[in-house]
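Have your viewer open and your selection tool ready.

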Amino acid sequence: MKISYNWLKQYIDTDLGYQEVSEILTNTGLEVEGIEKFQSIKGGLEGLVIGEVKTCEAHPNSDHLSVTTVDVGKDELLPIVCGAPNVRAGQKVVVATVGTMLYDGEESFKIKKAKMRGEPSMGMICAEDEIGVGTSHDGIMVLNNDVNVGTQAKDYFNVENDIIFEIGLTPNRIDGASHYGVARDLAAYLNQDKNISLNKPNVDNFKIDNNDNYIDVEIEKNEACPRYSGITISGIEVKESPTWLQNRLKSIGLKPINNIVDATNFVLQETGQPLHAFDADKIKGKKVIVKTLKEGTKFTTLDEVERKLSSDDLMICNEEEGMCIAGVFGGIESGVSQNTKNIFLESACFDPVFIRKTSRRHLLQTDASFRYERGSDPNITIYVLKRAALLIKELAGGKISSNIVDVYPKTIEDYKVDVSYNNIDRLIGKHLEKETIKNILASLDIRIVNEDEKTLNVEVPTYRIDVRREADVIEEILRIYGYNNIEISGQVKSTISYSEKPDKNTITNLTSDLLSNIGFNEIMSNSLTKSSYYDNLKSYDKDELVSILNPLSSDLNCMRQTLLFGGLEAIAFNINRKNPDLKFYEFGNCYSINKKIQDENPIKKYNEGFHLSLFVTGLKQQANWNIKAEPSNFYFLKSYVENIKKRLGIDINFVDIDELNSDIFDFGLQYTYNQNNKKLPFVSFGSVNKKLLKEFDIKSDVYYADFDWDAVMQILKTKKVTYTEIAKYPEVKRDLALLLDKKIRFEQIKTLAFNSEKKLLKRISLFDVYEGKKIEDDKKSYAVSFILQDPFKTLTDKQIDKIMNKFIKVFENELGAKIR
């Protein structure tokens with residue numbers, strides 16, 4: 001949410017700089033995430049001055065250029081070649097001097113000394129579109145003769161410079177979604193040291209001119225609309241808004257439209273209360289009805305899109321048809337146009353749930369729906385209506401031509417809360433004086449209606465929809481008192497607790513450190529994702545998705561079943577920004593639902609599993625003078641999988657390797673751990689399916705590994721850490737060259753060897769693979785090393801030969817191997 005510093009200062013008298021204001025807002029819970037500068041004219045007209053054309057003659061070498069001399073208030077006249085047809089001696093003009101930057105949208109250019117067809121030119125006489133004060137390019141901009149030569153253009157055109165705060169508004173703080181709301185928080189903080197008053201716009205001058213154009217209001221859906229207020233203004237003139245209003249809206253990123261719409265947007269940004277202006281002459285039957293329409297009713301909104309309504313969509317209707325989707329978006333037929341003369345102004349309070357569901361259903365997010373779906377103040381509608389009516393009369397003329405219609409069936413009172421002084425001290429962790437507490441509550445508009453020595457009975461204003469409990473009130477006291485004013489205790493209080501072994505956090509951090517140290521970057525993806533990713537996937541059943549009942553958008557409408565898609569989004573994001581060589585990892589939860597489970601406890605249907613994902617794409621490493629650039633491949637990823645397995649101490653003797661048959665991989669492997677005669681898959685890895693990559697517009701190969709971290713924890717529970725002394729007796733190395741079928745994997749050789757000799761075989765490794773001449777097409781040759789060692793004595797040749805012969809026999813019988 002954007003807040004203008006200049007606009008903010010209209011409501012609070014303070015000489016604080018914007019940096020100090022930013023710090024205070026962040027400390028009080030309205031976190032300033034960014035600060036940017038705004039100029040009502042891009043570049044601020046720096047370097048532009050008002051000059052007078054002293055002479056103007058035809059260019060000797062051109063039939064459309066003029067050679068001029070211009071007085072800009074300096075000692076010497078500036079020679080300037082001008083191509084405008086309307087340039088004349090004696091004119092007051094805007095001059096861009098040498099070194100001035102001019103802007104054309106996002107592009108800019110610098111005025112330099114030049115020669116134009118042989119004549120020197122020391123600047124530029126500007127048209128209005130060239131400096132951003134208009135759109136005409138018919139000729140240079142000619143000013144009134146009463147302006148002084150040498151006047152800075154930024155002063156003549158009243159360029160406004162402003163500071164814009166980008167506030168990360170949390171969902172519970174909708175009271176801060178306006179300039180007055182932010183000023184209110186700022187004043188509450190400053191009031192702790194000095195008396196600061198808020199300048200609330202005055203509406204005492206509001207009066208009703210006549211009641212000639214009264215429009216009745218009826219609410220059929222009371223639970224969806226607690227209050228609806230309106231008024232009619234007749235005889236208005238729809239036109240362009242004045243510069244001050246346009247600058248206010250532009251500063252916070254809003255596009256000015258016309259004086260009526262701009263006025264309602266201004267008051268929304270000022271007070272936080274949404275408004276809507278209807279063309280009063282298009283309200284059939286002179287009656288506004290708040291209700292729902294039949295399922296499938298067609299309605300065209302202001303963006304000229306025809307939408308099919310739900311029977312749960314709250315609508316603002318006349319006696320014949322819908323005019324507006326309540327609290328979300330207006331209709332094309334009833335909106336304000338250039339021909340509008342009479343308007344009906346709406347100020348209402350709608351139920352947040354109705355608005356939120358409608359907004360998500362139609363994928364419409366507006367400034368109005370943003371506020372309504374978080375909760376609006378039902379007791380501000382009349383004040384805001386008066387404020388907007390006075391502003392519209394000022395901007396567009398007209399008369400207030402009806403009494404205020406206010407349908408408020410059940411008054412919503414301030415919320416009552418009991419607060420204990422003892423609980424204030426206990427939760428804050430510091431004793432606060434009673435007067436300090438009372439002053440803070442008063443500055444927050446929280447009224448004390450009764451008190452005794454131990455307790456306060458307070459009433460919380462209706463605009464603070466998030467303050468409903470004692471703890472909420474105490475939090476308000478604390479954030480205004482200042483979190484930084486709570487001293488850190490010199491004592492540490494703790495309890496001794498037993499942590500289960502292996503400790504999940506320790507193992508996770510150990511693995512995270514390992515991956516970070518070998519060049520991986522950790523990513524954190526949103527656990528909400530789009531269900532369309534799972535269309536036509538067999539590996540992840542779409543029926544097992546945990547759907548969100550009130551999704552923020554169709555891109556965030558379910559919980560993820562896998563970390564794969566979040567990683568691919570991150571890869572696509574980086575590749576699109578010329579960062580193609582990537583190694584990512586992510587720890588995160590994945591979710592699913594088994595709808596077949598029938599149990600009294602609905603939670604048992606849901607599954608939440610912790611996973612680790614690895615992603616590798618692009619080059620293994622950047623090329624340099626002694627390293628060639630090589631693309632990542634399957635074995636590159638496999639090495640990292642093996643490193644993790646080895647670092648965690650997972651015993652290879654209990655691991656089976658199977659080829660993957662999955663539609664998310666083009667090819668890959670799965671490691672399964674044999675535990676108590678049960679197979680426990682704990683990691684799958686391979687090359688991501690090209691069809692999936694195409695969906696993300698990723699053209700390079702991506703290699704992906706998925707660790708079931710809960711399974712890893714189960715495996716590590718059986719692991720016992722032991723140590724042995726360094727052996728006194730030497731290792732013996734023997735090699736075998738085996739001729740095998742191509743389908744045989746090294747893992748099979750390894751498993752057979754360790755099963756055959758469990759005591760003396762320490763390690764086995766593959767150091768060469770050969771396919772080619774003198775070997776049949778369906779065969780390959782493996783060169784394998786065996787490391788043997790007896791910890792208690794030196795091995796004899798007889799023992800070694802016996803073991804090697806046993807290996808040869810096993811390989812021949814089980815694998816059909818031949819010794820080369």
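Helices (H or I, at least four residues) and strands (E, at least two) are DSSP runs here, numbered from the N terminus. This is a predicted model, in which local features need pLDDT of at least 70 and side-chain atom pairs count only at pLDDT 80 or more, while totals for chains, interfaces and linings use all residues. Residues are numbered from 1 along each chain as its sequence is written, and side-chain values use heavy atoms, leaving out hydrogens and water.

**Stop one: Ser 234**

Select Ser 234, which sits in strand S15 (residues 227-234). Is Ser 234 buried or exposed? With a relative accessible area of 16%, Ser 234 is buried (buried means under 20% relative accessible area, exposed over 50%, partly exposed in between, with a 1.4 Å probe and protein chains only).

Now show side chains and look for polar contacts (pairs of N or O atoms within 3.5 Å; within protein, one must be able to donate a hydrogen and the other to accept it, and residues adjacent in sequence count only if both atoms are side-chain atoms). The side chain of Ser 234 has one with the side chain of Ser 401 at 2.6 Å, and another with that of Asn 213 at 3.3 Å. Beyond its neighbours within four places in sequence, Ser 234 is also in contact (heavy atoms within 4.5 Å) with residues including Lys 341, Asn 342 and Gly 398.

**Stop two: Ser 347**

Next, pick Ser 347 in strand S23 (residues 342-349). Its relative accessible area is 0%, so Ser 347 is buried. The side chain of Ser 347 reaches the backbone oxygen of Thr 381 at 3.0 Å. Leaving aside neighbours within four places in sequence, the contacts of Ser 347 include Tyr 228, Gln 273, Pro 274 and Val 384.

**Stop three: salt bridges**

How many salt bridges does a search of the whole structure find? The search finds 45, each a side-chain nitrogen of Lys or Arg within 4 Å of a carboxyl oxygen of Asp or Glu.

Select Glu 270 and Arg 387, whose side chains meet in a salt bridge of 2.8 Å, N to O. Glu 270 belongs to helix H7 (residues 259-271) and Arg 387 to helix H10 (residues 381-396), so this pair ties together parts 117 residues apart in sequence. Both Glu 270 and Arg 387 are buried.

Then try Asp 666 and Lys 690, bridged at 3.2 Å, N to O. Asp 666 is in strand S35 (residues 665-675) and Lys 690 in helix H17 (residues 690-695), so the pair links parts that are 24 residues apart in sequence. Asp 666 is partly exposed at 38% relative accessibility, and Lys 690 is partly exposed at 43%.

Move on to Asp 466 and Arg 464, which form a salt bridge at 2.9 Å, N to O. Asp 466 is buried at 18% relative accessibility, and Arg 464 is buried at 4%. Both belong to a network of salt bridges that also links Arg 173, Asp 175, Asp 185, Glu 476 and Arg 479.

**Last stop: a cavity**

On a 1 Å grid over the protein atoms alone, a cavity is a set of points where a 1.4 Å probe fits but cannot get out, and lining residues have an atom within 4 Å of a point. About 40 Å³ of space lies in this second largest cavity, a volume being the space filled by probe spheres set on the points, which are joined across faces, edges and corners.

Definitions and conventions:
On a 1 Å grid over the protein atoms alone, a cavity is a set of points where a 1.4 Å probe fits but cannot get out, and a pocket is an open set with protein on both sides within 12 Å along at least five of seven lines; lining residues have an atom within 4 Å of a point.
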